[in-house]
Amino acid sequence: MKRKSIGIFLVLTAAISWGVSGSVAQYLFTEKHFSTGWLVSIRLLTSGVILLSYLGLTKNKDIWNIWKRRASVGNILIFGLLGMAGVQFTYFAAIETSNAATATLLQYLAPVLIILYIALKRRTIPPFQHVIGIITALLGTYFLVSAGHFSTISIRPEALAWGLNSAFFLALYTLQPAQLLKEFGSTIVVAWGMIIGGLGMSFVSPPWETGDGVFSFSSILAIVFVILIGTLVAFFCYLESLKHLEAAETSLLSCAEPLSAAFLAVIWLKVPFSVYEWIGAFFILTTILLLSLKRKSPERKLAEKTM
């Protein structure tokens, strides 16, 4: 029971840290005028360097092994540039054009895309439980983007596009590095993915060019929170929780992420959230619960949630 309590505490800490991080990013975009590209590049580079340094100095791991095989080099470059940078940029762009709650909920459609991809690849019909999950996901998205105005879209079209792209890149991020995770472990793969993604983003938004971003005590604190708490602390808490809980249990508890993002956006950032949008959130969370009932391996879970 004690081990389970520790696991629950750790996974809730990770999920809430991810959720709060989205709202803090929204604050940096709307109040301090930092750009999506700049925040993604600085977040990935800093987090990746810290994580890789930690692994090399304290875990006695050969952090360069991944570069010694041609196949793994290609895979890690794809993962870093498309998976890691892709999911980070589209997620933050969805926040910048809408809000943290909507962006997080739309990103949580990724499991549905994964199920559809696997069904098409295997040429099979998804299990009944998954079909119900797909239906609830579609209903949730409908309520979320219509907000009760059922003949029109209530959010900006670009926000919806970024959100759906975020779900797509999260699905890619989950599926593409499977072999890398098996060979090298999640921490090495994630660390190098962050550095590669951050370097790739630096060509678009160099970390030393802040544009209209306003530096102040609160904005620096927010940036540090996104990097340290919303990335590194969240990742390690989630990783550690798998030692105390089954992967399916961590899946269920990770629903705290979109909930914390929604509540914080409404309470702190004063984002208007209608009853229909809450209904949409409920359906999307129901989808997560339905798709989490089937136990997943720890390796797959690490691939799904190292953001």
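Modeller: Happy to! Let's start at L39, which touches A25, L28, F29 and F92 once residues up to four places away in sequence are set aside; here a contact means heavy atoms within 4.5 Å. L39 and two of those partners, L28 and F92, are among the residues with the most contacts inside the largest nonpolar core, together with I66, I76, V189 and W192. That core has 75 residues. A nonpolar core is a set of buried Ala, Val, Leu, Ile, Met, Phe, Trp, Tyr and Cys residues joined through side-chain atoms within 4.5 Å. "Buried" means under 20% relative accessible area, "exposed" means over 50%, and "partly exposed" is what lies in between, using a 1.4 Å probe and protein chains only. A second, separate core has eight residues, L10, V11, W18 and Y238 among them.

Before going further, a word on what you are looking at. This is a predicted model, where local features need pLDDT of at least 70 and side-chain atom pairs count only at pLDDT 80 or more, while totals for chains, interfaces and linings use all residues. Residues are numbered from 1 along each chain as its sequence is written, and side-chain values use heavy atoms, with hydrogens and water left out.

The chain has 14 helices and zero strands; helices (H or I, at least four residues) and strands (E, at least two) are DSSP runs, numbered from the N terminus. Of its 307 residues, 54% count as buried. Among contacts between residues at least 6 apart in sequence, 87% join residues at least 24 apart. The chain exposes about 14,000 Å², with carbon and sulfur atoms supplying 69% of that area, as computed by the Shrake-Rupley method with a 1.4 Å probe, where for residues only the protein chains shown count as cover.

Let's zoom in on I76, which sits in helix α3. Is I76 buried or exposed? At 0% relative accessibility, I76 counts as buried. Leaving out residues up to four places away in sequence, I76 touches I66, W67, L180, V189, W192, G193 and I196.

Two packed helices are described by the angle between their axes and the distance between the axes. Helix α3 (residues 70-97) and helix α9 (residues 186-204) pack at an angle of about 70°, with axes 7 Å apart. The axes are lines fitted to C-alpha atoms, for helices over the stretch in contact, and angles run from 0 to 180 degrees between N-to-C directions. The two helices are therefore roughly perpendicular to each other, given that angles under 35 degrees count as roughly parallel, over 145 as roughly antiparallel, 65 to 115 as roughly perpendicular and the rest as oblique. On the α3 side you will find I76, L77, F79, G80, L81, M84, A85 and F89, and on the α9 side V189, V190, W192, G193, M194, I196, G197, G200 and M201. These contact residues divide into 13 nonpolar, four polar and no charged. In that count, Ala, Val, Leu, Ile, Met, Phe, Trp, Tyr, Cys and Pro are nonpolar, Asp, Glu, Lys and Arg are charged, and the others, Gly among them, are polar.

S166, in helix α7 (residues 157-175), is buried with a relative accessible area of 0%. Apart from neighbours within four places in sequence, S166 is in contact with V87, T90, Y91 and Q107. S219, in helix α10 (residues 217-241), also counts as buried at 0% relative accessibility. Beyond residues up to four places away in sequence, S219 touches L28, K32, F34 and V214, and L28 brings us back to the largest core.

For contrast, look at L164, which lies in helix α7 and counts as partly exposed at 39% relative accessibility. Finish with R123, in the loop between α5 (110-122) and α6 (128-146), which is exposed with a relative accessible area of 78%.
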